Amino acid sequence: MADHHHQPPPTPPRRHRRPHEQSMAAEGGGHHGTQTAMASDDDRHHDRGGWIRPEEKHRSSGVAWALVILCTLLAVGVIVAGATVFAVYLIYKPRMPYLLVSDAQLVRLDYDQGGTIDYLEALVTVMARNTNSRADASFARVDLALRFHGADVARLRAAPFVVASASAAPLRYDVVSKGRALDAAGMRAMDASLKSGVVPLDLLGRARTRWKVGIFASLKFWTRISCRLHFFYPGNGTVMASDRNTCTSRSP
C-alpha cells in the first residue's frame with residue numbers, strides 16, 4: 001500500500017523588482033516630498049503678502065473710526081460756535097461807537113493881508129456816542145485836527161474815557177490858534193471866503209474804540225472822521241445847520 005504524504009502547495013516564485021523600477025519608486029517618493037515642501041513655501045508666501053492678518057484688520061478699522069469721530073466732533077464744534085455767535089449777535093446787536101459834531105462856532109478870526117492867521121478862536125462840541133444797549137464803550141487816543149485849506153490850525157485831543165451803554169459824552173473844545181501862515185493858495189482861499197461870508201474849516205482825525213460783546217469777545221476798532229464845517233463869518237460865526245449832527249465818524 002502506497003503511503004500518501006500531504007505536500008504543501010508550491011510557493012510561487014518571488015518577483016524581484018528590477019533596478020530601474022526601484023529607481024522610479026524612489027524618484028516618485030522624492031517628488032511627493034518636494035511638492036509638499038513647495039506647498040509649505042506657498043502658504044508662507046500668502047501669509048506674508050497676500051493675506052491680511054486679523055490684528056492688522058482691527059488696527060485699520062480703529063484708525064478709520066478715530067478719523068470719523070474726529071471729523072464729526074470738528075463739524076459739531078463749528079456748528080455750535082456759529083450758533084453761539086449768531087445768538088450773541090441777536091441778543092446784543094453790537095453797533096460801532098462813533099464821534100459826532102453836534103455844534104460849532106467861529107468866535108473870532110484875525111487875518112492880515114500878509115497871509116497869516118494872527119488869531120483864531122472856535123468852539124467845537126464833539127459827542128462820543130455809544131448806541132449799544134448792553135455794553136459800555138471806551139474811547140482812547142482821540143486825535144483831531146482843525147484845518148484851513150490843508151494847513152493845521154489847531155489840534156483837538158482827549159484823555160481816554162468810557163461811555164455808558166445807550167448814552168453819549170460831550171467833548172467841548174475851546175480852540176485858540178495864533179500865527180498860522182498860509183501859502184499862496186491858502187491866502188487866495190481865505191480872501192474868497194471872507195468876501196463870501198462863509199469860512200470853511202476841515203475836521204479830520206480818529207479815535208480808538210473798544211467794547212465787549214457778552215463775555216466772549218472784546219472788539220476794537222478805529223473810528224475816523226473827515227468833514228467840512230462852514231461858518232458864517234464875518235457874522236455871528238455859527239456853523240451851518242446842515243453841518244450839525246451830520247459830521248460823523250465811521251469805522252472800517
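Author: The account below takes the aromatic pairs, then the charges over rings, and then the disulfide.

This is a predicted model, in which local features need pLDDT of at least 70 and side-chain atom pairs count only at pLDDT 80 or more, while totals for chains, interfaces and linings use all residues. Residues are numbered from 1 along each chain as its sequence is written, and side-chain values use heavy atoms, with hydrogens and water left out.

A search of the whole structure finds two aromatic pairs. Rings of Phe, Tyr and Trp (its six-membered ring) pair if their centres lie within 6.5 Å; planes under 30 degrees apart count as stacked, over 60 as edge-to-face, and the rest as tilted. One of the pairs joins F139 and F161, which are stacked, with 5.2 Å from centre to centre and 5° between the planes. F139 belongs to strand β3 (residues 137-148) and F161 to strand β5 (residues 161-163), so this pair ties together parts that are 22 residues apart in sequence. Strands (E, at least two residues) are DSSP runs, numbered from the N terminus. Both F139 and F161 are buried, where buried means under 20% relative accessible area, exposed over 50%, and partly exposed in between (1.4 Å probe, protein chains only).

The rings of W211 and F221 have their centres 5.8 Å apart and their planes at 35°, so that pair is tilted. W211 lies in strand β7 (residues 198-213) and F221 in strand β8 (residues 217-232), so the pair ties together parts that are 10 residues apart in sequence. W211 has 3% relative accessibility and therefore counts as buried, whereas F221, at 24%, counts as partly exposed.

Two rings are also to be described with a charge. The charged end of R206 sits over the ring of W222, 3.8 Å from its centre, and that of R108 sits over the ring of Y119, 4.2 Å from its centre. The criterion is that NZ of Lys or CZ of Arg is within 6 Å of the ring centre and within 35 degrees of the ring normal.

The structure holds one disulfide, a term for a pair of cysteine sulfur atoms within 2.5 Å. The disulfide joins C227 to C247, with an S to S distance of 1.5 Å. C227 lies in strand β8 and C247 in the loop between β8 and β9 (249-250), so the pair ties together parts that are 20 residues apart in sequence. C227 and C247 are both buried.

Definitions and conventions
Helices (H or I, at least four residues) and strands (E, at least two) are DSSP runs, numbered from the N terminus.
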